[in-house]
Amino acid sequence: EKAFPDEGPVPTIVYNYPKKIKAFYMKANDDGKTVQAMDILVPGVGELVGGSVREDDLGRLDAAIDINNLDRESYWWYRQLRQYGSVPHAGFGLGFERLILFSTGIENIRDVIPFPRYPGHAEF
């Protein structure tokens with residue numbers, strides 16, 4: 001993703017990613033091979049914004065969990081969101097540090113992180 005947008009001076013929008021390379025919770029397109037996802041890739045940074053439609057059907061979500069060899073019990077909280085009612089919805093995120101990289105031209109993301117992050121620091 002980082003090298004792809006360096007081919008041109010403008011952001012590039014990529015959508016309908018192959019299902020095999022994206023997260024299990026992304027809603028599949030009718031072709032069964034791609035998912036309803038998109039990224040905005042910018043030169044020198046890579047993915048600046050990413051988003052996708054989430055699977056809202058519990059049966060299809062369980063099938064995706066099984067296909068990806070994930071433990072259903074580990075996702076009890078996520079499954080309950082679908083089990084007790086859900087609506088079609090999507091989500092996206094903008095990487096703050098990546099936005100700063102893009103805006104300032106700083107080359108290393110470590111130089112723009114506002115506070116330290118390390119494994120085991122956040123609880124859940």
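This report walks through a few features of a predicted model, from its cores to its surface and loops.

Let's start on the inside. The largest nonpolar core is made of 6 residues: Val42, Val45, Leu48, Val49, Leu101 and Val112. Apart from this core lies another one, with 5 residues, including Phe24, Leu61, Ala64 and Ile65.

If you skip its neighbours within four places in sequence, Leu101 touches Val45, Ile106, Glu107, Asn108, Ile109 and Val112. Two of those names, Val45 and Val112, also belong to the largest core.

## Helix α2 and its buried side

Now look at helix α2, which covers residues 76-83. Which residues of α2 are buried? Tyr78, Arg79 and Arg82 are. These three residues span an arc of only 95° around the axis, so they sit on the same side of α2. Here's a handy rule: an α-helix has 3.6 residues a turn, so residues three or four places apart point the same way.

And what do the buried residues of α2 pack against? Their partners are β3 (46-54), α1 (58-67) and β4 (89-94). After α2 comes Gly85, and its phi is positive, near 120°.

## A nonpolar patch on the surface

Trp76, Trp77 and Leu81 make up a nonpolar patch on the surface, and together they have about 330 Å² of accessible area.

Is Leu81 buried or partly exposed? With a relative accessible area of 45%, Leu81 counts as partly exposed, because that label covers values between 20% and 50%.

## Two asparagines with positive phi

Finally, check the backbone angles of two asparagines. Asn16 isn't a glycine, yet its phi is positive, at about 55°. Where is Asn16? You'll find it in the loop between β1 (12-15) and β2 (37-42). Asn16 is partly exposed, with 35% relative accessibility.

Asn69 is the other one: its phi is near 55°, again a positive value in a residue other than glycine. Asn69 is in the loop between α1 and α2. How exposed is Asn69? Its relative accessible area is 70%, and Asn69 is therefore called exposed, since the cut-off for that word is over 50%.

Methods:
Residues are numbered from 1 along each chain as its sequence is written. This is a predicted model: local features need pLDDT of at least 70, side-chain atom pairs count only at pLDDT 80 or more; totals for chains, interfaces and linings use all residues. Side-chain values use heavy atoms; hydrogens and water are left out. Patches are made of residues with over 30% relative accessible area and no salt bridge: like charges are joined within 9 Å, nonpolar side chains (Val, Leu, Ile, Met, Phe, Trp, Tyr) within 5 Å. Accessible areas come from the Shrake-Rupley method with a 1.4 Å probe; for residues, only the protein chains shown count as cover. A salt bridge is a side-chain nitrogen of Lys or Arg within 4 Å of a carboxyl oxygen of Asp or Glu. Helices (H or I, at least four residues) and strands (E, at least two) are DSSP runs, numbered from the N terminus. Buried means under 20% relative accessible area, exposed over 50%, partly exposed in between (1.4 Å probe, protein chains only). A nonpolar core is a set of buried Ala, Val, Leu, Ile, Met, Phe, Trp, Tyr and Cys residues joined through side-chain atoms within 4.5 Å. Contact means heavy atoms within 4.5 Å. The arc is that of the directions from the helix axis to the C-beta atoms.
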